[in-house]
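Trainee: I would like to go through the labels used for this model and see what each one rests on.
Mentor: Ask about them in turn, and we will set each value against its cut-off.

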Amino acid sequence: MSGTAAAVAALIPAPRPSADDAVSVLPVLPVLYVPEASQWLSTSTGRIALDGYSWMQAVHWVAGSGLYEPRRYRSHGPRSFGPTTVRVAQELAELFPCRPGIEYLVRRTGLSERSVEYHLGMLREAGLVLPRGSDGQISVALDVTAWPRPDAECSPERLHCHRPCRCDGVRQTIPGWPFQVAAALGGGRSSWTGVLDAVRLGPGDDATEVTAAQIGDLLGRLREAGQWSEGDPEVLFVLDSGYDIVRLTWLLRDAPVRLLGRIRADRVMHRPAGRRKGPTKGRGPRHGEAFRLADPATHSAAVQESASVHDRFGTVIARSFGHLHPRLERRGPWTGHEGEVPIVEGMLIHLTVEHLPGNRDPKPMWLWHSDPDAAAHDIDRLWRIFLRRFDIEHTFRFLKQTLGLARPRLRHPAQAERWVWLILAAYTQLRLARPLATDLRRPWEKPLTPQGITPTRVHRGYPRIRRILGTPAKPPKATRPGPGRPPGRTTHPAPRHPVGKKRQKTNNPPA
């Protein structure tokens, strides 16, 4: 087997441990298998390893294959992925898990600052560096996609998943398996995302607690992989309106993360409590004046206010208000909370747009940010990052319609989890093959630049790349049919399983 085929096999990420550990997922050759304890791969952004040696293996493979050509928009700059790029990567690997700055690399390599930036850009284009914002912050989107299984009565652990209705636009539910996916976001408009993790939600799971655990686990792996270290900007997680972002803010209060998500436009917040009014003594108030999102008369002066022009929404006006909190009651998820119900403060961003695509009636939007200091953040950057959250919808559509995420008719959820990770492995290969793909378009499609090529077109041109790289799989062998069912053995009807949550009885405290 060629060294190129072995390197391609090592690019497949190992799935998370399944509930059915006794069943082998795939027969993997020992020489090609790298255990998850020794490596961790981003499922779409390239090589991320727990040690510098494993990461340098991918760097040497990219350099030695000769298939990667850097994108050059100017007449100057490096012409190939050569020894100098490997030297810069070696300096990064030697200081693992710390990430040195450009000035340190200039001193160590003797190159100019511009040359170091060129070679770092080549590593980034090759999928060897996790994408970040202009300030070095990693932005990750979280969303749930459903695997519909409406007629699979024998499949356990199904839930009522949200699915948009195609008739009148009213949201409906359908039985299936919901998977919560975390994906790194890029800086601009793109149909690519960096899928990092996928977790299935079960009937007995608390969605908020599962999300907090997934964020904590993902942050720990980013820290171990050297993609995030102490002193870096907090990782920003972008959520939609289906999450209890206030409770998530409380559960992740000690983690170096920031949360940005949409909340309902009819909620009521409160300002910080002031001093007790009146001549009598007693306990001070816990909540200040009401801040009704739907009533502009209760709004105070904005800490920041900006107006910008967007190509799809026209004039966008953003205003931020700091140190606001909701009035939490001891019910629902806060029923079993020990001690007094906490005060969870955050920052609110109010967005108004001139128009929406399709001449729809624009409605005001409110965003919650977990940092209550409204003066410490650029609100224009925050709401633009929230728009980038919808890039994950393109990923879901591609995974389902092109790669067949929900196509198999599987019975057990453990089988579904393994299939999801196989699809993410295929998406990983397409992401890594993006610099090598050519724009194979239909006659009616518009030509795209190399940086704007879509996942569908990379998938369309992947057979050419695979013909060059080869495959670690052996040719299929002919075999004989199995013996079939043993004589005298009968089958029994498979058990039926209900759909929905497993509600736990709780004794509510008396009023």
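Trainee: Why is histidine 369 called buried?
Mentor: In this predicted model, histidine 369 has a relative accessible area of 2%. Buried means under 20%, so histidine 369 counts as buried.

Trainee: Where is histidine 369 placed, and which residues is it in contact with?
Mentor: Histidine 369 is in strand 12. Neighbours within four places in sequence left aside, its contacts are Leu236, Arg258, Leu259, Leu260, Gly346, Met347, His377 and Leu382.

Trainee: How many aromatic pairs does a search of the whole structure find?
Mentor: The search finds eight.

Trainee: Why is the pair of tryptophan 147 and phenylalanine 179 called tilted?
Mentor: The ring centres are 6.4 Å apart, and a pair needs centres within 6.5 Å. The planes stand at 35°. Stacked would need under 30 degrees and edge-to-face over 60, so this pair is tilted.

Trainee: Which parts of the chain does that pair link?
Mentor: Distant ones: tryptophan 147 is in strand 1 (residues 139–148) and phenylalanine 179 in strand 3 (residues 171–184), 32 residues apart. Trp147 and Phe179 also form one aromatic cluster with Trp177.

Trainee: What makes tryptophan 147 and phenylalanine 179 count as buried?
Mentor: Tryptophan 147 has 2% relative accessibility and phenylalanine 179 has a relative accessible area of 5%. The limit is under 20%, so tryptophan 147 is buried, and so is phenylalanine 179.

Trainee: What makes phenylalanine 321 and tryptophan 366 a tilted pair?
Mentor: Their ring centres are 6.1 Å apart and their planes are at 35°, so the pair is tilted. Phenylalanine 321 lies in strand 10 (residues 314–326) and tryptophan 366 in strand 12 (residues 365–369), so the pair ties together parts 45 residues apart in sequence. Both residues are buried.

Trainee: How do you know that arginine 253 lies over the face of tryptophan 250?
Mentor: Arginine 253 is at 3.8 Å from the ring centre, where the limit is within 6 Å. The charged end of arginine 389 likewise sits over the ring of phenylalanine 390, 4.5 Å from its centre.

Trainee: Where does helix 11 bend, and by how much?
Mentor: Helix 11 (residues 455–469) bends by about 45° at glycine 461, and proline 463 follows within four residues. Glycine 461 is among the buried residues of helix 11, as are Tyr462 and Ile465. Just after helix 11, glycine 470 takes a positive phi of about 85°.

Note on methods. Residues are numbered from 1 along each chain as its sequence is written. This is a predicted model: local features need pLDDT of at least 70, side-chain atom pairs count only at pLDDT 80 or more; totals for chains, interfaces and linings use all residues. Side-chain values use heavy atoms; hydrogens and water are left out. The bend at a residue is the angle between axes fitted to the seven residues ending there and the seven starting there. Helices (H or I, at least four residues) and strands (E, at least two) are DSSP runs, numbered from the N terminus. Buried means under 20% relative accessible area, exposed over 50%, partly exposed in between (1.4 Å probe, protein chains only). Rings of Phe, Tyr and Trp (its six-membered ring) pair if their centres lie within 6.5 Å; planes under 30 degrees apart count as stacked, over 60 as edge-to-face and the rest as tilted. A charge sits over a ring if NZ of Lys or CZ of Arg is within 6 Å of the ring centre and within 35 degrees of the ring normal. Contact means heavy atoms within 4.5 Å.
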